[in-house]
Structures are given as C-alpha cells and as structure tokens.
Amino acid sequence: MTAINHHLDEVILLDYHRGRLNAGQSLLVETHLEMCPHCRTSLRLFDAIGASMLEDIVPVDMADDALELALARIERPEEAPEPRVAPELPAYLKGIDLPESVRAAAFKPRYWGAPGVWMAHLDAPKDGRGLTYLMHVKGGMQMPVHDHQGLEMTLVLTGCFSDDRGAYHPGDCVSCDEGDHHSPLIAADDCLCLIAANAPIAPKTLLGKLLQPFARI
Ligand SMILES: [Zn+2]
C-alpha cells in the first residue's frame, strides 16, 4: 500500500475518542485507524491526555459506603455477552482485499446508482440525514460535479481517485464540507470507497440531478 497522505481531521478523531460519532462515522474512523499508524498514535495521545486529566482531578468527599458499593458492583457477576458473529461477506465484496473493520460490518444489498457505479448502504439505524455507504466506481470514470451540504468523509479502500485538491490512494481519508464542490476522477483501476456523509450531496449538473434518485445519496 502506498503511504497515507490524507489523515483524519483531529476534531473528528477527538469526537471519536469522546464517543460522539454515529455508527457510520465510527466505522470509517476505525477503518482508517486500522490502516494508518500515524492516526493510531494520535488517538493514543488523546487516551494519554485523557488519563492524565483524570489523574489531575481534585478529590471530592464521598459517602462512607462509596467504596463498598463500587466493589460490590465490580464483583457482581455479569451476564456473558452474546458472542459477536461477523456477518457473512456479501457476494459483491468477495475477492476484494478489505480491512477487517469493513469485513466485520453489515451492508445492505448493493444497487446500481449509475452506469459503472454501485453502492451498498451500511445496515445501521437511520441517524438524521446521515448516510454511510460503499461506493464502487469503474476505472476511468469522472463523477458529476456536486456540492456538499454537510461534512462528508471518504475513505479510499481500493483504487485511486483525484480532484482539484490532490490524488487519493488506499487509506487516504478526504473530508468535504458545506460549500465544497468537486468532480472526482477515478484512475485506471476500479475504485472502492467508504463514505460517511452528514447530508445528501447536491448535484450541479443536469445528468447528476437525473441520476440522484437512482443513486439514493
Ligand atoms: Zn491517518
């Protein structure tokens, strides 16, 4: 894999650390972390800073039986957690070299959003206007120009695409926000990305507008 040049935004990483991201955003962050030692180090730094802040907290008076109660809670036998069974990989993902986080996630059946483009949404409860999906685009295609109406994170899993800001390879994470617009160009090989968006995109071309209902993004 080529070196990762585009990393997670520090604010996103901090929100992940604090448990503030939705299921789709967390999956994208975990997948990038699996691929990127640089961001894993940043996350460890947040952990260390958080731990040291806990150590610096000024002690407060507690009830006489507080320790007893806490110990009783720890010693209470917990019900064994349900063993987590990874969902079977859908046929459309078999044979693709995927990070473990993506393999362990559940995706709905894929559908064709446009000629040469298929998508598969994450099988997770709906969270406001948020959308999380895999997008697979045939090599050499150019996506229609579109605006963004909220934060959208795109993580390249296979292949490569570029826009006016640079080229993105496996492991790279690209963030677009409200007001950004671009027209990604896919390199020669097919490209598979994981996308977590806070809001649907806004196509700028007639073709894009015509295709949006089929694309469901
Ligand atoms: Zn990174």
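**View 1. The donor residues of the zinc ion follow the spacing H-x24-H-x3-C-x2-C along the sequence.** This is a predicted model, where local features need pLDDT of at least 70 and side-chain atom pairs count only at pLDDT 80 or more, while totals for chains, interfaces and linings use all residues. Residues are numbered from 1 along each chain as its sequence is written, and side-chain values use heavy atoms, with hydrogens and water left out. Look for His7 (ND1), His32 (NE2), Cys36 (SG) and Cys39 (SG), which coordinate the zinc ion at 2.1 to 2.3 Å. Donors here are N, O and S atoms within 2.8 Å of the metal (3.2 Å for Na, K and Ca), and sites may look incomplete because water is not among the atoms. The angles among the four donor atoms run from 90 to 133°, and the site is tetrahedral (for four donors, that takes all angles between 85 and 135 degrees). For four tetrahedral donors, the ideal is 109.5 degrees.

**View 2. What does the pair of His7 and Cys36 tie together?** His7 sits in the segment before helix 1 (10-17) and Cys36 in the loop between helix 2 and helix 3 (37-55), so the pair links parts that are 29 residues apart in sequence. Helices (H or I, at least four residues) and strands (E, at least two) are DSSP runs, numbered from the N terminus. His7 is partly exposed, at a relative accessible area of 27%, whereas Cys36 is buried, at 1%. Buried means under 20% relative accessible area and exposed over 50%, with partly exposed in between (1.4 Å probe, protein chains only).

**View 3. Six strands make an open, antiparallel sheet, in the order 1-2-3-11-5-8.** Strand 1 (111-114) and strand 8 (173-176) are the edges: each has a single partner strand, so one side of each goes without a neighbour in the sheet. From one strand to the next, the twist averages 30°. Helix 2 (residues 23-35) packs on the sheet and touches strand 3 (131-137), strand 5 (152-158), strand 8 and strand 11 (191-197). The direction of helix 2 makes about 45° with that of strand 5; axes are lines fitted to C-alpha atoms, for helices over the stretch in contact, and angles run from 0 to 180 degrees between N-to-C directions.

**View 4. Strand 2 has strand 1 on one pairing and strand 3 on another.** Two strands pair if DSSP finds at least two bridges between them. Three bridges join strand 1 to strand 2 (residues 117-121), with Trp112 partnered by Trp118 and Tyr111 by Met119. The hairpin of these two strands has two residues between them, and Gly116 takes a positive phi near 80° there. Five bridges join strand 2 to strand 3, including one between Ala120 and Leu134. Now check the side chains: Val117, Met119 and His121 point one way from strand 2, and Trp118 and Ala120 the other way. Five of the five residues of strand 2 are buried, so the strand is largely enclosed by the rest of the structure.

**View 5. Which residues does Thr132 touch, beyond its neighbours within four places in sequence?** Gly24, Gln25, His121, Leu122, Leu194, Ile195 and Ala196 are in contact with Thr132, where contact means heavy atoms within 4.5 Å. Thr132 belongs to strand 3 and is buried, with a relative accessible area of 12%.

View 6. Thr154 is buried, with a relative accessible area of 8%. Leaving aside neighbours within four places in sequence, the contacts of Thr154 include Leu28, Phe161, Asp172 and Cys193. Met35 is buried as well, at 14%. The C-alpha atoms of Met35 and Leu157 are separated by 9.6 Å, although the two residues are 122 residues apart along the chain.

**View 7. Zooming out, the protein has six helices and 12 strands.** Of its 217 residues, 41% count as buried. Take the contacts between residues at least 6 apart in sequence: 66% of them join residues at least 24 apart. The protein exposes about 13,100 Å², and carbon and sulfur atoms supply 57% of that (accessible areas come from the Shrake-Rupley method with a 1.4 Å probe; for residues, only the protein chains shown count as cover).

Methods: Four donors count as tetrahedral if all angles lie between 85 and 135 degrees; four count as square planar and six as octahedral if opposite donors are over 155 degrees apart and all others between 65 and 115; anything else is irregular.
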